[in-house]
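Trainee: Please take me closely through the part of this structure where neighbouring chains meet. I'd like to follow it one side at a time.

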Amino acid sequence: MEGLFTANNVWMMICTALVFFMHTGFAFLEIGLTRQKNTINILFKNIFIITGGLLLYYAFGFNLMYPGFEEGAGGIIKFAGFGIAAPENGMTPEYASGGYTWWTDFLFQGMFAATAATIVSGAVAERIKIGAFMIFVIFYVGLVYPIVGSWKWGLGFLNDWGFYDFAGSTLVHSVGGWAALVAIALLGARVGKFGEDGKPKAIPGHSIPMATAGVLILWLGWFGFNGGSVLSADPELTSLVLVTTCMAAAAGGFGAMILSTILYKNLDLTMFLNGILGGLVGITAGADLMSPNEAVIIGFLAGLLIVGGVALIDKLKLDDPVGAVAVHLICGIWGTLAVGIFGAKAGSGQFLTQLYGVVIIGAFCVITSFIILGALKAIMGLRVSKEEEIEGLDIHEHGMDAYPDFTND
Amino acid sequence: MEGLFTANNVWMMICTALVFFMHTGFAFLEIGLTRQKNTINILFKNIFIITGGLLLYYAFGFNLMYPGFEEGAGGIIKFAGFGIAAPENGMTPEYASGGYTWWTDFLFQGMFAATAATIVSGAVAERIKIGAFMIFVIFYVGLVYPIVGSWKWGLGFLNDWGFYDFAGSTLVHSVGGWAALVAIALLGARVGKFGEDGKPKAIPGHSIPMATAGVLILWLGWFGFNGGSVLSADPELTSLVLVTTCMAAAAGGFGAMILSTILYKNLDLTMFLNGILGGLVGITAGADLMSPNEAVIIGFLAGLLIVGGVALIDKLKLDDPVGAVAVHLICGIWGTLAVGIFGAKAGSGQFLTQLYGVVIIGAFCVITSFIILGALKAIMGLRVSKEEEIEGLDIHEHGMDAYPDFTND
Amino acid sequence: MEGLFTANNVWMMICTALVFFMHTGFAFLEIGLTRQKNTINILFKNIFIITGGLLLYYAFGFNLMYPGFEEGAGGIIKFAGFGIAAPENGMTPEYASGGYTWWTDFLFQGMFAATAATIVSGAVAERIKIGAFMIFVIFYVGLVYPIVGSWKWGLGFLNDWGFYDFAGSTLVHSVGGWAALVAIALLGARVGKFGEDGKPKAIPGHSIPMATAGVLILWLGWFGFNGGSVLSADPELTSLVLVTTCMAAAAGGFGAMILSTILYKNLDLTMFLNGILGGLVGITAGADLMSPNEAVIIGFLAGLLIVGGVALIDKLKLDDPVGAVAVHLICGIWGTLAVGIFGAKAGSGQFLTQLYGVVIIGAFCVITSFIILGALKAIMGLRVSKEEEIEGLDIHEHGMDAYPDFTND
């Protein structure tokens, strides 16, 4: 028993480390796909998110998300108090059905918490005021994310209804994705994104190698994101989850690559990469329920959705520099609904439950992010001046350049 | 027993993740050592290899490589059917002598499968048609790699003969290396590689920091590549393997650094880096059989071979932008033969068996890659136009630049 | 028991891999914060350190550091012989109280050994002669580091006194930090660092994204650095250590970010990053003794010390390109003393013991590094010529450029 408990805890600690590493992946992906002049700004936001996210989650987020709802009582909001302190049996095999220790539990969940805000960071890049963004993060990571999380993972009312979201297609990815959508609608497009004829223009990023490394690191991190969501090292489940995760990623990449090549007659690397991410987000809700075959289908369809989603965002005159809405919102919804279509829980009842969950959480996220961002817009403004946007946020907000010595030594 | 099975499976899953991460290392190494104008092309190839490699291995590669040969029957080729489905006891300690689950087995092997093609990718960089390369990958990863693998790891005839290749000096690295050799012979050198006097000219890459990061990530990945090849978390064997792997890497780097400094009066970082890789490839066949002292000797000699091998390739008027043949083929052969010279199995009988294995697999790889690449050359051509080569494959094949915003914002 | 031993050993092997990966983080951080023209030189030094460090530790360092002192006998120096060979019971649960195998022990400690030299590498960057640096590394990693380490971790006299240093705030970080301080005093500042008025001028690095990636990789590596220092996978201790480590990192970043923003009216990313490292170094001595609340306080104060320390180094007319003295020496001392102020061992007796340890080790490191570096200065000179410094060490010492193809293809 001690050996098993220790092995479980080792696995969960490794998964925690891998999810932490995802922040490196997000940072690389976001700066790679955006312009050099805003690189410091994006890195600063991401470092703020991972440090601030952990501190907020430690101060109150964890106790909002896991407040100890009584199962079946339909909990909506409850708070277990400030700070963290391990319960008496938090370090013994009895805790969490023998899974792992309370400290591991906190840290694994804490690494998840910051992810939702990171998703928003990419979408609003190159034009949001950093002060406004930091305040948004505090409210969204500190309050919205844990409250939504409590409804399912904290054993609240959506859990009672039978809503299923294994590792967070909805609870993490679409929570970030909805706020990204609201934010880019409120912010407007970057200068130069839409021509005078209204047609979208590509604004190329500054380092595709960094973006590629970012996606590979995110895929690696997903070994922990999904693999750790088993909440033990159960050999059959964890290894199945890694297989479905990797097959969906591969199929997602292929789906997007093939469709974009057919449509645009071009071997488009960024579509290939976003297809991989779409496949990963898509499998996340049901990674433990699917066969490898089903994972391939879910991932492949997610890849197709990426190509369509990116085109749709353009059509709607929205400006999402990294494709965050297509990847995290559209594929997040798809993955959540796929639990009702494929795999061990497929069925019309489950499909409806999944749909309810998507709608309720979507409504809550849209409303709360609209309130937070709307209030910030009214009070301090969301967007930097046109001059600052054109000259770059790095010089104006941070007084430094990302590659200061690169050309002039 | 459950604790041990779980710990074994955790180790194998981590090793799987580390081998997956090696693809980031290969990508960084290859783009770092090649020119900026071909960066997107190389990344696209590598992303294609890891996604396509997994899908092929899932579709039929795994069942070609582990077809269930009867030991002692001298199996050469057999196919266990399309797709993957776990056997009844694939999740229990009884499977694979209590090692780990069937799903873990598939995924770990799947991550290996793509590696062979990645080795080729580096050698043919900057001049191969991407369409031809993708078709080559499908045949080589889908068919050649698993068939060769089945002869030893799938318990085929080379296993019966007593051929030993712990983690793939031959089965992975030289399989890739032979194809790389055939491919660069068929392709010819890049424009400008050999002057009018026939002397080789260095064509420097575009980012040595990325190449360095690539090598360090590959070394990290080798913890999983060799450590996972124990096929359990057996404490003594896994930890010995990590020690021999790291000592060989360090000694290989030193060997190449010292020899190249003596020969060329220059502290050459890329030789140092390739020496590390040579040491890693060299120890791979016998990492579980060697003492740390023997690992240092094998690695050091591999480092010397790198310096000689790179010079030899130049002398033969072959053009291998990343040194793939020296690293993966020459050191792969060396490591395989070293099993007959050093360590627990040393002896003239074993040496001859190792030599037979090298020759047979070499012949098979040369013939099959010559057929595949020769057919592609005849049908569609292997090489891009001179104009495209000079202007860069990124613009011509992908319509994008790797650093589009770097200088002109 | 076998399951537990295996799980422990798996954890220690993973931590070994993570500490190895820290060298990638150090390399990225150092080149990111320095100029392009010295990038190859820094990478060469770092690759030399990790390969040479392992070889030295294998040749004699390990047996100097763990010579088998009899506890209570006040050991100062002892040598268990050249090379490594596992003791009879080195692979059994009885070894090291059932923790892990002897091979794992060697490799984990070997990865630590190189770290001290890497710290120095950053401080002396852009002006030290590479030959002198390599000789310094051989003596400092080969002799000074293991002798100091033996006093506590090898069960020597400081261990008898009750000195506490969980994972090396003093034994690793300040050992590196003292040598860095001595080295930059002997070397003098880089050309252009101090104006004619004596005021320090910022010499910006060449890639802040690389520096950021370096810090995130170092944070990830610290999961292994501190998590592995438990020397088992004990669930309660390892998971507590990861929580205190991450909370101190987050709080350190915040402390430095807030103070630097107040003082300099600028959202300074590099201060934020160095604050994270300061928090990590600060918690390292007592990561297993602190509550999460105490970890936040220790980390936050470390973050403040970073801002003050960087200013102090400037004031002293010293030139430390990467802030190594502030991060590793000042926060290393702070973390060591904090063991006497906070947590399970707090008390004036413990505080004094910690102080004695800091002073004795500091004196030994200052004297030995002064002797080594002073001798090198007298014999061969420490510093490159002014011409070489201005033109860059890459061209002069290595005959190559880090980004040769970046602008002219």
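**Where the chains meet**

Mentor: Happy to! Between chain A and chain B there are zero salt bridges, a salt bridge being a side-chain nitrogen of Lys or Arg within 4 Å of a carboxyl oxygen of Asp or Glu. This is a predicted model, where local features need pLDDT of at least 70 and side-chain atom pairs count only at pLDDT 80 or more, while totals for chains, interfaces and linings use all residues; side-chain values use heavy atoms, with hydrogens and water left out. Residues are numbered from 1 along each chain as its sequence is written, with chains lettered from A and ligands numbered from 1 in the order in which they are written.

Let's start with chain A against chain B. Each of these two chains brings 51 residues to the contact (heavy atoms within 4.5 Å). Together they bury about 4,400 Å², 82% of it on carbon and sulfur atoms; buried area is the accessible area (1.4 Å probe) that two parts lose on being put together, summed over both. On the chain A side, Pro209(A), Leu216(A) and Leu267(A) supply 14% of the buried area, more than any other three residues. The polar part consists of six residue pairs in polar contact, both at pLDDT 80 or more (N or O atoms within 3.5 Å, one able to donate a hydrogen and the other to accept it, with residues adjacent in sequence counted only if both atoms are side-chain atoms).

Which elements of chain A give two or more residues to this side? They are helices H1 (2-32), H7 (208-227), H8 (235-264), H9 (269-284) and H10 (292-315); helices here are DSSP runs of H or I, at least four residues, numbered from the N terminus. H8(A) gives the largest share, 13 residues. By class, this side of chain A holds 35 nonpolar, 12 polar and four charged residues (Ala, Val, Leu, Ile, Met, Phe, Trp, Tyr, Cys and Pro are nonpolar, Asp, Glu, Lys and Arg charged, and the others, Gly among them, polar).

Now for chain C against chain B. Here the contact takes 52 residues from chain C and 51 from chain B. The buried area is about 4,400 Å², with carbon and sulfur atoms giving 82%. Zero salt bridges are found between chain C and chain B, and six residue pairs are in polar contact. On chain C, at least two residues each come from helices H1 (2-32), H2 (39-65), H3 (102-123), H4 (130-152) and H14 (393-398). H1(C) provides the largest share, 17 residues. This side of chain C divides into 33 nonpolar, 14 polar and five charged residues.

One pairs Lys193(A) with Asp314(A), whose closest N and O atoms are 3.8 Å apart. Lys193(A) sits in the loop between H6 (169-187) and H7 of chain A and Asp314(A) in H10 of chain A, so this pair ties together parts 121 residues apart in sequence.
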